[in-house]
Amino acid sequence: MARLVRDPVLMAGEGWADYGLVDSGHGRKLERYGPHRFIRPEPQAMWAPRQQDWQADGEFVPGSDEDGGGRWQYDNAGPPDGWELAWEDVRFNAQCTPFRHLGFFPDMSPVWHWMRGRLAGREDAQTLNLFGYTGVGSLALSQCGSVAHVDASKKSVAQARENAALSGMEDRPIRWLIDDAVKFTAREVRRERRYDGIILDPPKFGRGPKGETWRLEEGLPGLVADCRQLLDANSSFLFLTVYAVRMSSLAIGGLLAEAFADLPGRVEHGDLAVQEDGEDGRLLPTAIFARWSND
């Protein structure tokens, strides 16, 4: 029976050559993405910045409502074109998107390491990446075997394919699927498919390719239940991340503990965070997570 570990776990990522959290404070953060620096809103940075003068190529200024909107403002040079970055053996294009992101989620770095660790030494693993975005996680997992990458956005899947080519991984066994993650997972259950690992990063709200509506609090329990049906006692992990919701990691940990009660292993929950550059860099929380691992 999977055991729920009540004490929260912190998964904190440090910067690397192509990314770093330079400074944070007063509701904003300054990050480096290769040769460029950007300022983005970050409500959890409630402390004061350590640096007085933030020099950046651009800043995302949020809209007036809580649920989104906003626009990029750039320096005199204007918006930079897409540029190449790397995380270990994965290469990908970064760009300023209308949704304040830059083409990948750097706080997922420790998660990619953790998943690779769970599948270390394997080349035959079958994994599933739901809400896969631009494919950095899928490319990281492809080191260990075949991957089903699912996202409802044609643009995101096209970018993921481009990142695979950029990484020299276009021949890896990855299925690039433009599909509604909930419906795809339900079909996989009916097909009696099995996976060694699943990663899912559902949005707070979204729409599928045919206008399907997704609301996290309503849809997550059913999606987790279906994911559980795709795993068995020989599977290795499920990793769930949740952003931008008023929810405790203990809540999604409890959800996983209920769903995985009949499997061995343990369920853990906690925070994702990014550490500022420098020896005494502060930890900036970014998301909550829950994970099942088969010890």
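**Burial, salt bridges and ring pairs in a predicted model**

Modeller: In helix α1, the buried residues are S109, P110, V111, W112, W114, M115 and R116. The model is predicted, so local features require pLDDT of at least 70 and side-chain atom pairs pLDDT 80 or more, while totals for chains, interfaces and linings use all residues. Residues are numbered from 1 along each chain as its sequence is written, and side-chain values use heavy atoms, without hydrogens and water.

Colleague: What makes helix α1 mostly covered?

Modeller: Seven of the 10 residues in α1 (residues 109–118) are buried. Buried means under 20% relative accessible area, exposed means over 50%, and partly exposed lies in between, with a 1.4 Å probe and protein chains only. A helix here is a DSSP run of H or I with at least four residues, a strand is a run of E with at least two, and both are numbered from the N terminus.

Colleague: Why is the contact between R228 and D262 called a salt bridge?

Modeller: The term requires a side-chain nitrogen of Lys or Arg within 4 Å of a carboxyl oxygen of Asp or Glu. For R228 and D262 the N to O distance is 2.6 Å, so the pair qualifies.

Colleague: What makes D295 and R118 a salt bridge?

Modeller: Their closest N and O atoms are 3.7 Å apart, and this value is within the 4 Å limit. The two residues are 177 residues apart: D295 is in the segment after β18, and R118 is in helix α1. D295 is exposed because its relative accessibility is 57%, whereas R118, at 29%, is partly exposed.

Colleague: How many salt bridges does this rule give?

Modeller: The count comes to 23.

Colleague: Why is the pair of W72 and Y74 called stacked?

Modeller: Rings of Phe, Tyr and Trp (its six-membered ring) pair if their centres lie within 6.5 Å; planes under 30 degrees apart count as stacked, over 60 as edge-to-face and the rest as tilted. The structure holds 18 aromatic pairs. The ring centres of W72 and Y74 are 6.2 Å apart and their planes are at 15 degrees, so this pair is stacked. W72, at 12% relative accessibility, is buried, while Y74, at 29%, is partly exposed.
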